[in-house]
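Please look over the model below with the ligand site and the backbone geometry in mind. My comments are set out as numbered points after it.

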Amino acid sequence: MPLLTIETTCDETAAAVVERSGKVLGSAVATQEKLHERFTGVVPEIASRAHVERILPVIDETLRQSGVPPERLTAIAVAHTPGLAGSLLVGVVAAKTLSVVWDKPLVAINHLHAHLYACQLTVLPRDIYPCIGLIVSGGHTSLYRAASPLDLKYLGGTIDDAAGEAFDKVAAMLRLGFPGGPAVSRLAATGDPQAFRFPRAMIHDANFDFSFSGLKTAVRYAIAGPGKVDFDSLQISDGKRADLCASFEAAVVDCLVTKSIRAVRQHAAGLTRSDAPGEPPRLCVGGGVAANPRLRQSLEAACDAAGIELIIAPPELCTDNAVMGAIGWEKVIRGDFAPLNLDIQPGLQRGH
Ligand code: KG4
Ligand code: ZN
């Protein structure tokens, strides 16, 4: 009896049908990138309207792929926090309606917990918990101590921009399109990461916080200096663009790697299971920015050197998707179902 999962927290409309084993029977993601491109960021009103148009076709397509009729579903799981209010509402209302019409229980998913669970899905039936979790996306850059799939303790995170947001803004200044992360990382691969010495804010602070807004400003000054700028008419050579991207990316990656390794070291004692003494502590990484090749390589090198097991979700499970909603099973097996008056919680969640 598989689970139907629904994801509409930001600008992807997604659904999946997943078995308890983690086997994916159907999965569809309708991206809205083209709709938001000219604004170089997600416009909440456009996002929610697009979800309304796409949610039923996406669910239909997912069920069709799976060959599972609604009456065979165990439950309907939906991400209800955190995210954009209008976007979350569309998924939650769809899930509640189907729950009534098909007489199936409702399950509430925390989108951040689900991002980390994407790592669990890559190692099933092995267990990634307890671990340190780094969630790095367009909306979040946070470190957690995850005792179990549903028990995450917030250790620290960005005090201003999320890392993905900084990628998107740098791409916007360089007119590289939206979302910016993939374009910046493609250009960065041909640039010199040491061409510009960009700040690594808070990297030496004895906490697990990040700050990327000053880095964004530093990139802006390196592009055009202070004062009013018409980015459309700026002439920047291809070489300089690549160097800017590579140097920016290196600064973000240095901060993420340094603080993640420090979090694992500091919490190492609590990261081993009593039934598996001697196993290395684990760092698990999810969210859209975890698709970044430089971040993946740097984390691998740093974890190798520090004796840490690294699990990064595969790129297709890093960006928003409904497969990671398989975390809903953790609630199904506990009988932890949501009431029909389940509300959205749009605000930042610190992974309780
Ligand atoms: O997890 P996600 O799909 O949505 C949120 O929950 O925010 O993450 C989207 C973010 C965007 O900011 C995008 O630019 C970034 O992930 N991203 C990347 C890469 N691919 C996506 N950032 C850096 N390098 C990439 N290859
Ligand atoms: Zn996300």
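The points below go from the conventions to the ligand site and then to the backbone.

1. Conventions. This is a predicted model, in which local features need pLDDT of at least 70 and side-chain atom pairs count only at pLDDT 80 or more, whereas totals for chains, interfaces and linings use all residues. Residues are numbered from 1 along each chain as its sequence is written, chains are lettered from A and ligands numbered from 1 in the order in which they are written, and side-chain values use heavy atoms, with hydrogens and water left out.

2. Location of the ligand. Because domain 1 (3–116 + 320–334) and domain 2 (125–316) both contribute to the shell around ligand 1, the ligand lies between them; the domain bounds come from an automatic or database domain assignment. The space that ligand 1 takes is the largest pocket (an open set of points on a 1 Å grid over the protein atoms alone, where a 1.4 Å probe fits, with protein on both sides within 12 Å along at least five of seven lines).

3. The shell. There are 21 residues around ligand 1, and those that come nearest are Gly138, Asp168, Gly181, Gly288 and Asp320 (a residue is near if one of its heavy atoms lies within 4 Å). Helix 4 (111–123), helix 5 (163–173) and helix 6 (180–188) each supply at least two shell residues, with the largest share, four residues, coming from helix 6; helices (H or I, at least four residues) and strands (E, at least two) are DSSP runs, numbered from the N terminus.

4. Polar contacts (pairs of N or O atoms within 3.5 Å). An oxygen atom of ligand 1 is 2.9 Å from a polar backbone atom of Gly181, and an oxygen atom of the ligand is 3.2 Å from a polar backbone atom of Gly139. On the side-chain side, a nitrogen atom of ligand 1 is 3.3 Å from an N or O atom of Ser185. Taken alone, ligand 1 exposes 550 Å², of which the protein buries 91% (Shrake-Rupley method, 1.4 Å probe).

5. Cis peptide bonds. One joins Thr81 and Pro82, with omega about -20°, and Pro82 is placed in the loop between strand 4 (75–81) and helix 3 (85–102). Another joins Tyr129 and Pro130, with omega about -5°, and Pro130 is found in the loop between helix 4 and strand 6 (131–136).

6. Positive phi. Asp103, a residue other than glycine, has a positive phi near 55°, and Asp103 lies in the loop between helix 3 and strand 5 (106–110).

Note on methods: A polar contact is a pair of N or O atoms within 3.5 Å; within protein, one must be able to donate a hydrogen and the other to accept it, and residues adjacent in sequence count only if both atoms are side-chain atoms. On a 1 Å grid over the protein atoms alone, a cavity is a set of points where a 1.4 Å probe fits but cannot get out, and a pocket is an open set with protein on both sides within 12 Å along at least five of seven lines; lining residues have an atom within 4 Å of a point. A molecule sits in a cavity or pocket if more than half of its atoms lie within 2 Å of its grid points.
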